[in-house]
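Student: I have a structure open and want to go through a few pieces of it. Can we start with the strands?
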Amino acid sequence: MRVTVVGAGVVGTMHAWQAVERGHEVVQIEREAEARGASLRNFGQIWVSGRAGGEELATALRARELWEGIGARVPGLGFRPNGSLTPVRGDLELAVAEAAVAREDAAARGHKLLTPGEARALNPALRGEFTAALYCERDAAVEPRTAQLALREELLKSPNYTFLPGREVREVVGAGAVRDDHGDVHQGDAVVLCTGAWLGGLVRALAGPDLPVRRVRLQMMQTNPLGEPLTTSVADADSFRYYPAYASDALDALNAGQAQAQTAAAHRMQLLMVQRADGGLTIGDTHEYEHPFAFDTVEDPYDHLTEVVESLLGRPLPKVRRRWAGVYAQCTDPGRVVHRQQVRDGVWLVTGPGGRGMTCSPAIAETTANELGW
């Protein structure tokens, strides 16, 4: 079988990986020299802890298993099973953490409620004051800026894999066939469009104007090296308001009785923080849903994140090295992990994993491969 994958972000690259692993010939086409979208502009978290129960959690857990296996083969991914800690303060936040630990699927997530002393034994960098911490053993991390490059380097070892950068697919010209902007036709048995947040042009022409996917903008930053290990990923209690796994009466009470900080509420913020291989910290994020998106980044969210991080670390944040904005595609139906649609004979669109793309992409690609009979 010959498979054409359009898009070289993490979702597209995992589809190419699945096809090559199953013995198929793969051509992967990317309009940039390398992917530059949300697949690079994220935390690199394999984030199991907050996923909705049922299909979403099952997808994340399967993806976590696949990431670990691929990471053993491709050390350049920087895969590490670091887990995560969410420190909580006060009775309202503690009650949400207790409700999470009481879920029927808490064991599958590796959820445990730790005392401050237990949390600091696991992550000594957390010197700030907090009441308790929710631990998720199943969370993990990779290096987002280099993961696709490492995967591609491994894929290129196969004679069945070809990477064509700097080409934009413009039209479908037959069953399983597309033409790029060089005029070349790529004929195969299946085309998978993994175009990320690019939802116009060919995607709109194929899927129509009512595609149930929206674009979401975020802001993030990265610091100089911390100078000590941050042994787990770290979140704050605002993440309870964002991730579906924490929905409960306790969360309703938190929302009613303890408002977010003004800046956090205005920018729909949570703290997520991961240490990079060089020791720096990736910190975010914000969520903007209304179009048109701003073209600039604003400072108030960064000031808020700095304040929250410093309160948890009990020390000043290292100098911020870089700031950026990114845009990702998200299904408008929160019950769907991804939007997968056959848009023409032999042509499928796979998009909209939202903030789950880095976490779930290996399992999303595996499901596509199974459904298409690869």
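Tutor: One term before that: two strands count as paired if DSSP finds at least two bridges between them. Also, this is a predicted model.

Student: Fine. Which residue is the bridge partner of Gly174 in S10?

Tutor: Gly174 has Ala177 of S10 as its bridge partner.

Student: And how many bridges join S9 to S10?

Tutor: There are 4 bridges between S9 and strand S10 (residues 177–180), and the two run antiparallel.

Student: What is the order of the strands in that sheet?

Tutor: The order is S9-S10-S11, in an open sheet of 3 strands with antiparallel pairing. Strand S9 (169–174) and strand S11 (185–187) are at the edges with a single partner strand each, so one side of each has no neighbour in the sheet. On average, neighbouring strands here are turned by 30° against each other, direction ignored.

Student: Switching to helices. How do H3 and H8 run, roughly parallel or antiparallel?

Tutor: The axes of helix H3 (residues 90–101) and helix H8 (residues 249–257) cross at roughly 160° and come within 8 Å. Angles over 145 degrees count as roughly antiparallel, so H3 and H8 are roughly antiparallel to each other.

Student: Is the crossing left-handed or right-handed?

Tutor: H3 and H8 cross in a left-handed way.

Student: Which residues make the contact?

Tutor: From H3, Leu92, Glu93, Ala95, Val96 and Ala99; from H8, Ala250, Leu251, Ala253, Leu254 and Gly257.

Student: How do those divide into nonpolar, polar and charged?

Tutor: The residues in the contact of H3 with H8 come out as 8 nonpolar, 1 polar and 1 charged.

How values were computed. Residues numbered from 1 in each chain as written. Predicted model: local features only at pLDDT ≥ 70, side-chain atom pairs only at ≥ 80, totals over all residues. Heavy atoms only, no water. Axes fitted to C-alpha atoms, helices over the stretch in contact; angles between N-to-C directions. Parallel < 35°, antiparallel > 145°, perpendicular 65-115°, else oblique. Left-handed = near helix turned anticlockwise from the far one by under 90°. Contact = heavy atoms within 4.5 Å. Nonpolar A, V, L, I, M, F, W, Y, C, P; charged D, E, K, R; others polar.
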